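Please look over the sequence and the three-dimensional structure shown here, and keep both in view while you read the explanation below them.

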Amino acid sequence: MLIGVPKEIKNHEYRVGLTPESVAELIQDGHSVLVETQAGSGVGASDEDYIAAGAKIIETAKEIFEKAEMIIKVKEPQAVERAMLRPGQILYTYLHLAPDAPQTEDLIKSGAVCIAYETVTNDDGILPLLRPMSQVAGRLSIQVGAKALQKDGGGRGMLLGGVPGVAPAKVVIIGGGDVGFNAAQMAVGMQADVTILDRSNKRMEELSYHFGNRAKVIRSTPAVLDELLKTADLVIGAVLVPGAAAPKLVTREHLSTMMDGSVLVDVAIDQGGCFETSHATTHADPTYIVDGVVHYCVANMPGAVARTSTYALNAATLNHAKRLARLGWKEALRSDAHLLNGLNVCEGKLTIEAVAEAQGLEWVEASSCL
Ligand SMILES: NC(=O)C1=CN([C@@H]2O[C@H](COP(=O)(O)OP(=O)(O)OC[C@H]3O[C@@H](n4cnc5c(N)ncnc54)[C@H](O)[C@@H]3O)[C@@H](O)[C@H]2O)C=CC1
Ligand SMILES: CC(=O)C(=O)O
Ligand SMILES: [Mg+2]
């Protein structure tokens, strides 16, 4: 199969769909790979590295989209990229369609076969292609939250861990999945006062067992959240209902009960955000203030640590990429129900119920496209 890797064009997105090492594996399997010039420069992979791995370097994204049978990316295609997609072409990348009607419409119109990393499942009941980036974003959320709590970040001037004689900052993590767990690990490590909220009994048990007395694990209810927000210094939004738009758990009214200079980091912003006052920001201008509360809502947080993220992402995405290339999309999806769960749009049809529900659109079962 002819595979294409364009350079990412989202604001401050330095990751790349395939590392040179992944390219070498695909070449070994008998495929051909086109890589846009400088696609890997943000992770320290030069055009020469890709050539040594067996790829051909291409000057423009246009030529890659014209020629490749499968496009491998990281972030959702931007409008100019969507316009270049072709009927029957495979697009393998993050999509996050539920909160993004224009993208959904364009992908349906394109006739392409669009597989979203974030809805591929596995036998352990996790989202294995989302997990590595959730681990990165969870860890980063405490780093960026700590910075935002500083006076120069717009915050109330709190050190997460406090110092002897002064209490640490209160960190509330809403959603104790991959993002929440990793955020809690960092916050606990920095000696903050950490509370994790979740709704799943199984997850609460796991978190409780893991963190012991280093973090409080509490069932997420509106009343609990109302109370915790009044004294929280840093709140991390980390809930997910797979494929669906994030529930708005922190409302505009809540902000008036919070302390001036407290900080909200909405990691769930890629699914629309779990705070009512969230809107997506960029690495170039990551924060804004509403009612005295600092908001950080960057939808591609892992792009900031592109090298770590690209290698972690490739470790999760490459096997399915190889199967798609070897078998073609129909057979690869027919023979793997977990990969089939990743199919969001197929040759002009929406194939994921949660997105259809979020946008009031028609949808068909993914299996009906095979
Ligand atoms: N902004 C960014 O750059 C990135 C964003 N993300 C996003 O972060 C979000 C979280 O991802 P993961 O941690 O991997 O998901 P996950 O599925 O591992 O965890 C989500 C957790 O939220 C819990 N939950 C659901 N509803 C809840 C509620 N009402 N109250 C409390 N907990 C609730 C679930 O029980 C689950 O434990 C997703 O939207 C994901 O796409 C992930 C990576 C990067
Ligand atoms: C998952 C996601 O939104 C990201 O890695 O950018
Ligand atoms: Mg997860």
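The paragraphs below go from the whole protein to its sheets, its domains, its ligands and a few single residues.

This is a predicted model, in which local features need pLDDT of at least 70 and side-chain atom pairs count only at pLDDT 80 or more, while totals for chains, interfaces and linings use all residues. Residues are numbered from 1 along each chain as its sequence is written, and chains are lettered from A and ligands numbered from 1 in the order in which they are written.

The secondary structure of the protein comes to 13 helices and 15 strands, where helices (H or I, at least four residues) and strands (E, at least two) are DSSP runs numbered from the N terminus. The radius of gyration, taken over C-alpha atoms, is 21 Å, close to the 21 Å that the globule rule gives for 370 residues, so the protein is as compact as a globular protein of that length; the rule itself is 2.2 Å times the number of residues to the power 0.38. Along the principal axes, the C-alpha atoms fill a box of roughly 65 × 45 × 35 Å. Of the 370 residues, 53% are buried, a word used here for a residue with 20 or more other C-beta atoms within 10 Å of its own, whereas one with 12 or fewer is exposed and one in between is partly exposed, the C-beta atoms being placed from the backbone. Among the contacts with a separation of 6 or more, 65% are made by residues 24 or more positions apart, two residues being in contact if their C-beta atoms, placed from the backbone, lie within 7 Å.

Turn now to the strands. An open sheet of 8 strands has the order E3-E2-E1-E4-E5-E6-E14-E15, with mixed pairing, and two strands pair if DSSP finds at least two bridges between them. Strand E3 (56-58) and strand E15 (349-350) are the edge strands, since each pairs on one side only. Within this sheet, strand E4 (residues 70-72) and strand E5 (residues 90-93) run parallel and are joined by 3 bridges, and Met-70 has Ile-90 in E5 as its bridge partner.

Strand E7 (170-174) is mostly covered, with 5 of its 5 residues buried. In a regular strand the side chains alternate between the two faces of the sheet. In E7, Lys-170, Val-172 and Ile-174 point one way and Val-171 and Ile-173 the other way, and all are buried. E7 pairs with E8 in the parallel sense over 5 bridges, and the bridge partner of Val-172 in E8 is Thr-195.

The domain assignment gives domain 1 (2-120 + 306-369) and domain 2 (134-299), with bounds that come from an automatic or database domain assignment. Their centres, taken over C-alpha atoms, are separated by 31 Å, and the contact between them takes 13 residues from domain 1 and 11 residues from domain 2. On the side of domain 1 that touches domain 2, helix H11 (306-334) and helix H13 (353-359) each supply at least two residues.

Which residues come nearest to ligand 1? Of the 34 residues around ligand 1, they are Ser-134, Gly-175, Gly-177, Ser-220 and Met-301, where a residue counts as near a molecule if its C-beta atom, placed from the backbone, lies within 6 Å of it. Helix H6 (131-149), helix H7 (178-189) and strand E8 (193-198) are the elements that give two or more residues to this shell. The residues around ligand 2 are Lys-75, Tyr-94, Leu-130, Met-133, Asp-270, Ala-299, Asn-300 and Pro-302.

Some loop residues complete the tour. Gln-38 is found in the loop between strand E2 (32-36) and helix H2 (47-53), and it counts as partly exposed because it has 14 C-beta neighbours inside 10 Å. Lys-151, in the loop between H6 and E7, has 10 such neighbours inside 10 Å and therefore counts as exposed.

Most residues other than glycine have a negative phi. Gln-191, however, has a phi near 70 degrees, a positive value in a residue other than glycine, and it lies in the loop between H7 and E8. Glu-347 also is not a glycine and has a positive phi of about 45 degrees; its place is in the loop between strand E14 (343-346) and E15.
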